[in-house]
Amino acid sequence: MERHTTRGPAATRRAVAPVRRRRRPPPDIRRHAITAVLLAFGPPLLLLLSASLRPPGLPPPAAPPLLPTHVTLAAYAEALGIGGLGRAALNSLAVCLVAVPVSVLVAAWAGFATTRLPRRAAQGVVLLSLTALMVPATALLVPRFALYRALHLTDTLVPLMAPALIATSPLYPLVYYVAFRAVPADLYETARLAGFGPWRTWWRVAMPLVRPVTVALATFTFVLTWSNFLDPLLYVYDRDHFTLPVALRSLSTLDPTDFPVFLAGAVLATLPALLVFAAAQWYMRGRTGSSEGTVT
Amino acid sequence: MSDRRQAAAMLAPYAAGLALLVFAPAAATVALAFTEWDAISPPRWVGLANLRELWGHEPFHKALTNSLVFAAVAVPARLALALGLALLLHRPGRRVGLARTVALLPTAVPEVAYGLLWLWLFNPLAGPVNRALTVGGGNGLTAWGALPPQWLTMPTPARAAIIIMSVFTVGELFVLLLAARRVLPAEVYELAAVEGAGRWQVFRRVTLPLVAPVLGLLALRDTVLSFQVSFTPALVVTDGGPPQGATTYLSLFVYRTGFEYLRHGFAAAATVVVLLLTAAAVAAQWWLLGRYRSRYVP
């Protein structure tokens with residue numbers, strides 16, 4: 001009702017009626033389109049799951065029925081046994097446990113510090129980050145390889161954790177920078193009057209306010225680190241230090257026709273990423289639900 | 001510590017990381033492009049010889065063409081699909097939440113696992129894709145009597161397969177465009193309805209200009225990424241073939257030249273070409289974005 005008074009009554013009378021009719025596509029088309037999305041994006045992963053439940057040694061029959069007649073976890077046992085995926089999963093986990101927190105910290109610190117810089121310097125940080133984003137990965141492989149070799153770090157897990165120093169992607173400090181800048185200035189002012197230095201302001205005032213950003217970036221960082229394939233391919237040669245993606249690749253080259261086994265491995269590699277995604281989504285949903293509740 | 005010192009200390013790890021892991025290596029690569037280096041004996045200065053060799057190097061031409069074609073097809077397709085998904089799913093409704101989650105799922109799958117999945121899906125004999133295509137036809141033919149595509153054994157279908165794979169992983173673009181669409185003011189759409197604009201006109205005159213800046217930036221990023229995302233599928237799914245080099249993109253070419261043939265100087269020269277191409281693509285899109293903005297945004 002309030003909005004009606006801000007515009008002319010004649011305009012609103014004309015506006016209200018056609019809005020609903022014209023703006024929304026007919027529900028049928030929209031419903032069919034949504035069904036099409038489900039049918040296009042759903043099957044690949046369902047097929048992955050169903051193929052991994054078939055007995056190893058046979059190529060999975062491609063035609064329906066979707067569900068295998070003999071559901072078995074034998075392919076999983078073989079993937080874990082022959083492929084050494086268990087050990088590889090532990091390595092991947094170790095990398096993530098170090099790299100993800102460090103990466104998020106580096107991003108948050110850099111983003112916050114940038115809000116404290118003079119305008120020119122802040123623009124410099126943004127520009128450097130954007131430039132770093134544009135550098136193709138292939139431009140970095142050989143010199144990084146030489147660097148790690150000179151430091152005797154090849155064939156350890158350290159090169160796989162190292163990207164945490166650039167926050168995994170130079171995009172993430174920029175995301176934090178934008179988020180911290182959006183925090184109302186009087187909150188920072190209050191913190192300053194209370195005698196908080198940048199460090200305490202960051203931890204006590206800024207971080208709690210951007211928690212959704214932290215959750216989202218931690219999720220992306222985890223998925224990127226967990227799926228990292230190129231780095232271990234180049235810097236790790238000893239099977240004992242393989243991470244999950246490399247171990248999976250070597251499992252698939254072992255017997256390229258034994259689909260159930262390496263597809264079971266693919267499911268195992270995918271599950272943690274999906275779990276982290278689900279946890280983040282659950283957190284976000286709980287959060288938006290509660291904040292909507294308090295505001296209205 | 002003074003305030004300024006504390007801020008500097010917070011920035012230090014990131015600055016060190018950028019210098020050590022991005023800018024120094026990138027500079028070193030540019031320098032290496034003028035040398036011959038097998039990673040064992042010290043690099044030997046050869047001047048422009050590498051670049052001159054690239055000029056007439058058949059596999060490099062092939063990789064360059066493959067990468068450009070991939071970018072020219074995959075980037076617009078990915079953006080169009082992500083935008084379509086965002087516009088379709090930005091309003092709540094029946095099964096919208098489910099559709100959003102399902103559209104995000106393929107993006108969460110680790111690249112190698114995703115590649116292995118498609119390796120099976122595209123298998124010309126046992127793969128579900130061709131089994132679906134031959135439903136209703138006999139003798140391994142489609143219902144309309146044609147041979148189904150020999151996905152991973154013929155050059156063109158293999159290239160198409162890599163592009164199809166890449167189109168399903170638009171989760172990030174979708175999420176960002178969804179956010180961009182949700183912040184557009186409802187009043188503009190009400191006004192368009194008052195003017196009696198049809199659905200296509202609303203899209204062209206209202207939605208598209210308003211999301212254009214975001215779309216432009218995403219196009220930039222996706223173009224840069226397109227030189228890299230083709231690496232894992234090309235290695236895992238098609239192994240750069242078939243036949244020789246049909247799906248060898250620049251990233252795979254650089255990897256093989258450097259780490260398999262130990263010609264790091266030559267690989268670095270190819271990388272410099274990628275750098276220049278990236279810079280040119282960024283500049284061109286930046287210019288287009290500027291022109292578009294000056295036309296639509298007063």
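What does chain A average in pLDDT, and what percentage of its residues score at least 70? Chain A averages a pLDDT of 83, and 83% of its residues score at least 70; pLDDT is the predictor's confidence in each residue, from 0 to 100.

This is a predicted model, in which local features need pLDDT of at least 70 and side-chain atom pairs count only at pLDDT 80 or more, while totals for chains, interfaces and linings use all residues. Residues are numbered from 1 along each chain as its sequence is written, and chains are lettered from A and ligands numbered from 1 in the order in which they are written.

**View 1. Chain A and its confidence.** Chain A has 15 helices and 0 strands; helices (H or I, at least four residues) and strands (E, at least two) are DSSP runs, numbered from the N terminus. Over residues 1–21 of chain A, pLDDT stays under 50, and the model has 11 contacts beyond four places in sequence for them. Two residues are in contact if their C-beta atoms, placed from the backbone, lie within 7 Å. Where pLDDT is low, the predicted coordinates should not be read in detail.

View 2. An unreviewed UniProt entry annotates residues 89–280 of chain A as "domain: ABC transmembrane type-1". UniProt positions are given in the numbering used here, feature names are shortened, and annotations may be inferred rather than shown by experiment. This stretch, residues 89–280, is 78% helix and 0% strand, and its end C-alpha atoms are 21 Å apart. The UniProt annotation "transmembrane region" (unreviewed entry) covers spans including 88–112 and 160–180 of chain A. Residues 88–112 are 100% helix, with end C-alpha atoms 36 Å apart. For residues 160–180, the helix share is 57% and the ends lie 29 Å apart.

**View 3. Where the chains meet.** The contact takes 72 residues from chain A and 66 residues from chain B. On the chain B side, helix α1 (residues 3–32) gives the largest share, 18 residues. By class, that side has 49 nonpolar, 11 polar and 6 charged residues. Here Ala, Val, Leu, Ile, Met, Phe, Trp, Tyr, Cys and Pro count as nonpolar, Asp, Glu, Lys and Arg as charged, and the others, Gly among them, as polar.

**View 4. The largest nonpolar core.** This core has 154 residues, and L248(A), L263(A), A266(A), L116(B) and L117(B) touch the most other members. Its largest share, 15 residues, comes from α5(A). A nonpolar core is a set of buried Ala, Val, Leu, Ile, Met, Phe, Trp, Tyr and Cys residues joined through C-beta atoms within 7 Å. Among the residues that L248(A) touches are F262(A), A266(A), V112(B) and L116(B).

**View 5. Two loop residues with positive phi.** Most residues other than glycine have a negative phi. T168(A), in the loop between α8 (158–161) and α9 (171–181) of chain A, has a phi near 70 degrees. T168(A) counts as buried because it has 25 C-beta neighbours inside 10 Å. L262(B), in the loop between α12 (250–260) and α13 (264–296) of chain B, has a positive phi of about 55 degrees. L262(B) is partly exposed because 14 other C-beta atoms lie within 10 Å. The cut-offs are 20 or more other C-beta atoms within 10 Å for buried, 12 or fewer for exposed, and in between for partly exposed, with C-beta atoms placed from the backbone.
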